[in-house]
Amino acid sequence: MTTNSIPHPYYPPEVQLSGGYVPNELGLVPLISRFVGLIAVHLGTTLTIAHVFNKRLDGKEQLVFLWFMLCAFLHLFFEGYFITHHTSLASSQSLFSQLWKEYSLSDSRYLTSNPFMLCIETLTVFIWGPLCVLAAVLLVAEKRGLRHVAQIVLSVGHLYGVLLYYGTCAFEERYKGVGYSRPDALYYWGYYVGMNGLWVVVPTLLLLQSAREIHRRLREKKVESKTKSPYHWL
């Protein structure tokens, strides 16, 4: 039996997967456990390095740093793997391929070399990935002004990307009657809505944080300018 003749579980049922389909060798629990383990090692290592350069990071700053580094890992490595191996994901048994096959139960476009997915993910890998690293470095270096500029750009970019992602799915379902997610609660609400929803909630919170910080700094500058003597330049 060839890989092309193996029935696949993706929606819509008639969708043609790039390179044929081979079911995952790993079950859901061991697959997710290995991925979480990789992420934990990455975050633990980068946070340890951050503490070497700056021991003054408080709890909130550490959480923001971990968010930036989580995004950097996903963008540069996980999504980077997608754009370089998108034609063979459905038939591959590498860890990242199996993870993509699992996630694609909520969006089969990742297994069909969909042009929109390739475009948005390429931008994510080459723009948002490096910017995540830069924002984390600026945070550790306490370059507050530049850090918040990077944080704003990054958060707006994440929001724009995820809204486009949801929007294209909604458009095709509404006007073409095509759905890419299995209706099961785990895949639709857990993967499609829940996982991607993080990139709506967290960037919104970071935008609010940056807006408050910029407002505070401007207010301090205003007060400082009022208290200066008109002859301070002498």
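Biologist: In which segment does proline 12 lie?

Modeller: This is a predicted model. Proline 12 is joined to tyrosine 11 by a cis peptide bond, with omega about -10 degrees. Helix α1 covers 28–53, and proline 12 lies in the segment before α1.

Biologist: What pattern does the protein chain follow along the sequence?

Modeller: The protein chain has 6 helices and 0 strands. Its C-alpha atoms fill a box of roughly 85 × 45 × 30 Å along the principal axes. Read along the sequence, the pattern is α-α-α-α-α-α.

Biologist: How far apart are the end C-alpha atoms of residues 148–166?

Modeller: UniProt, in an unreviewed entry, places the feature "transmembrane region" at several spans, among them residues 65–83 and 148–166. Residues 65–83 are 100% helix and 0% strand, with end C-alpha atoms 26 Å apart. Residues 148–166 are likewise 100% helix and 0% strand, and their end C-alpha atoms lie 27 Å apart.

Biologist: What distance separates the end C-alpha atoms of helix α5, and what span should its 32 residues have?

Modeller: Helix α5 runs over residues 144–175. At 1.5 Å a residue, its 32 residues should span 46 Å, and the model agrees with this because the end C-alpha atoms are 45 Å apart.

Biologist: Are helices α2 and α3 roughly parallel or roughly perpendicular to each other?

Modeller: Helix α2 (residues 59–85) and helix α3 (residues 95–103) pack with their axes 9 Å apart, at an angle of about 85 degrees. Angles of 65 to 115 degrees count as roughly perpendicular. The two helices, α2 and α3, are therefore roughly perpendicular.

Biologist: How do the residues of the contact of α2 with α3 divide into nonpolar, polar and charged?

Modeller: From α2, the contact includes Phe73, Phe77 and Glu79. These residues belong to a set that meets Phe96, Ser97, Leu99 and Trp100 in α3. The contact divides into 8 nonpolar, 1 polar and 1 charged.

Biologist: How many residues apart are glutamate 61 and arginine 144?

Modeller: The whole structure holds 6 salt bridges. In one of them, the side chains of glutamate 61 and arginine 144 meet at 3.8 Å, N to O. Glutamate 61 is in helix α2 and arginine 144 in helix α5, so that the pair links distant parts of the chain, 83 residues apart.

Biologist: Where is serine 113 found?

Modeller: Most residues other than glycine have a negative phi. Serine 113, however, has a positive phi of about 55 degrees. Serine 113 is found in the loop between α3 and α4.

Note on methods:
Residues numbered from 1 in each chain as written. Predicted model: local features only at pLDDT ≥ 70, side-chain atom pairs only at ≥ 80, totals over all residues. Heavy atoms only, no water. Helix = DSSP H or I, 4+ residues; strand = E, 2+ residues; numbered from the N terminus. Expected span 1.5 Å × (residues − 1). Axes fitted to C-alpha atoms, helices over the stretch in contact; angles between N-to-C directions. Parallel < 35°, antiparallel > 145°, perpendicular 65-115°, else oblique. Contact = heavy atoms within 4.5 Å. Nonpolar A, V, L, I, M, F, W, Y, C, P; charged D, E, K, R; others polar. UniProt positions renumbered as here; feature names shortened; annotations may be inferred. Salt bridge = Lys/Arg side-chain N within 4 Å of Asp/Glu carboxyl O.
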